[in-house]
Amino acid sequence: MKRVYINSVGSISAQKTYENNNFLSEIIEYNDTVIPALDPNYKDYIPPAAARRMAKGIKMSIVASKIALQDAGLEQVDAIITGTGMGCLRDSEKFLSNILDNDEQYLTPTPFIQSTHNTVGGQIALELQCKGYNFTYVHGSSSFESCLIDAKLQLEQNEAQNILVGGVDEIGEHTVKLLKLVDQIKTEPVKSSELLLSNTKGVVFSEGANFFVFSNQQQSSTYAEIVGVNIYNTLPKDGISYTAENFLKDYNLSVDDIDLVVLGNNGDVRYDDYYSTLTSGIFKEILQAYYKHLSGEFHTASSFGFWLAANILKAQSLPDLVKLNDKNISQFKNILLYNQYCGENHSFTLLRKC
Amino acid sequence: MDALKQELKENIIEQLNLEDMTPADIADDDMLFGDGLGLDSIDALELIVMLDKNYGIKLTDPKEGRTIFESINTMAAYITEHRSK
């Protein structure tokens with residue numbers, strides 16, 4: 001069975017992550033309830049004629065994909081696997097609004113064509129002229145991790161050598177209104193640096209696209225090895241520590257072997273105790289980091305955490321502003337990621353230094 | 001007729017997301033498809049819906065579209081003759 005490596009990264013987020021030589025050296029502090037991703041110059045990556053029908057999620061994904069391919073020194077991949085919680089939300093909203101506004105008449109084709117969840121994977125394939133395996137996972141906040149499992153299995157079995165894998169979600173104006181109504185988005189603005197102190201319901205909502213080239217061949221650009229991934233649709237709060245320990249046991253590791261645990265805390269007072277159970281429990285003596293104060297929350301925000309962990313392992317440094325506690329460590333070897341959203345779709349991912 | 005042509009150019013730019021284009025960039029006799037503006041079959045569907053919604057014109061024969069959508073001049077002439085709103 002072959003090992004699986006992260007050979008490159010590409011990220012579009014609410015931070016200036018679209019330049020791979022800039023690992024969180026400039027941080028944007030927000031004070032809001034919804035934070036859009038920063039736009040790179042899309043025209044540098046997508047011909048205007050192709051871009052005119054693309055909503056932001058598609059454009060972000062194509063740019064992140066191209067950055068990842070460039071970082072890996074590749075022009076083509078064997079497969080494209082995309083994860084998205086909500087898909088092409090803006091075109092979905094546009095299409096549905098048109099139905100309502102025009103009494104089910106005068107429906108134009110573009111928003112409908114572009115509104116499906118797998119539009120992103122399709123558009124990336126068209127841009128790259130990639131005729132290989134193309135799959136989209138839509139599974140709430142474990143959509144990205146579902147992609148990881150698929151890619152890992154294919155690469156381990158040598159069914160593919162290089163796979164483009166990514167997570168993307170975009171903000172939709174109407175969806176934001178609905179999420180506010182059901183307390184999924186905070187009602188009062190929160191400063192990024194005070195996210196975990198907010199003590200209120202809901203999250204700071206956002207969007208982004210994080211893409212990676214995974215390979216079963218290590219190369220000079222390699223960031224880390226993907227050792228293990230597991231997803232759990234539901235977990236009781238009192239079962240989280242046991243599940244984490246069992247996950248590590250599958251790879252002959254214990255809590256003490258972990259150098260850093262990267263957590264998906266999003267400041268929602270109703271669900272952050274899943275994380276605090278771990279941080280004040282079995283991982284109390286382990287260095288801890290979080291990232292959703294930088295990226296905001298969305299169904300594939302864990303792909304930003306994955307981007308962060310990959311960069312930490314490659315750079316062997318941890319930016320101070322993501323630290324959750326004051327432990328120090330001289331070398332990062334094993335990083336464990338844990339994420340959940342609204343108490344569902346939990347995931348553990350284990351990355352290792354190469 | 002000139003006002004209609006200007007309106008058509010503005011609507012085409014908006015409906016078809018022709019970013020970076022202004023009405024002044026489209027000449028009245030420019031080919032809309034092929035070598036001219038480079039519109040494609042999806043744009044043709046958008047234009048058919050636009051004729052129906054804005055001018056009450058229902059195109060039943062797709063072949064008609066080829067001549068009607070040749071340029072802003074041909075579109076304006078057809079709309080002037082057939083519009084119901």
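**Exercise 1.** Determine how Lys237(A) and Asp273(A) are paired and where each one lies.

*Solution.* Their side chains meet in a salt bridge, at 3.1 Å from N to O; the term requires a side-chain nitrogen of Lys or Arg within 4 Å of a carboxyl oxygen of Asp or Glu. Next, locate the partners: Lys237(A) sits in the loop between β10 (224–234) and α8 (240–249), and Asp273(A) belongs to helix α9 (residues 273–279). Helices (H or I, at least four residues) and strands (E, at least two) are DSSP runs, numbered from the N terminus. The pair thus joins distant parts of chain A, 36 residues apart. Over all chains, the rule gives 20 salt bridges.

The model is predicted: local features need pLDDT of at least 70 and side-chain atom pairs pLDDT 80 or more, whereas totals for chains, interfaces and linings use all residues. Side-chain values use heavy atoms, without hydrogens and water.

**Exercise 2.** Describe the interface of chain B and chain A.

*Solution.* Begin with the residues in contact (heavy atoms within 4.5 Å): chain B supplies 15 and chain A 12. Then take the buried area, the accessible area (1.4 Å probe) lost on being put together, summed over both parts: about 1200 Å², 47% of it on carbon and sulfur atoms. Finally, count the salt bridges across the interface, which number 4. Asp40(B) and Arg53(A) form a salt bridge through their side chains, at 2.6 Å from N to O.

Definitions and conventions. Residues numbered from 1 in each chain as written. Chains lettered and ligands numbered in written order. Buried area = accessible area lost by both parts, 1.4 Å probe.
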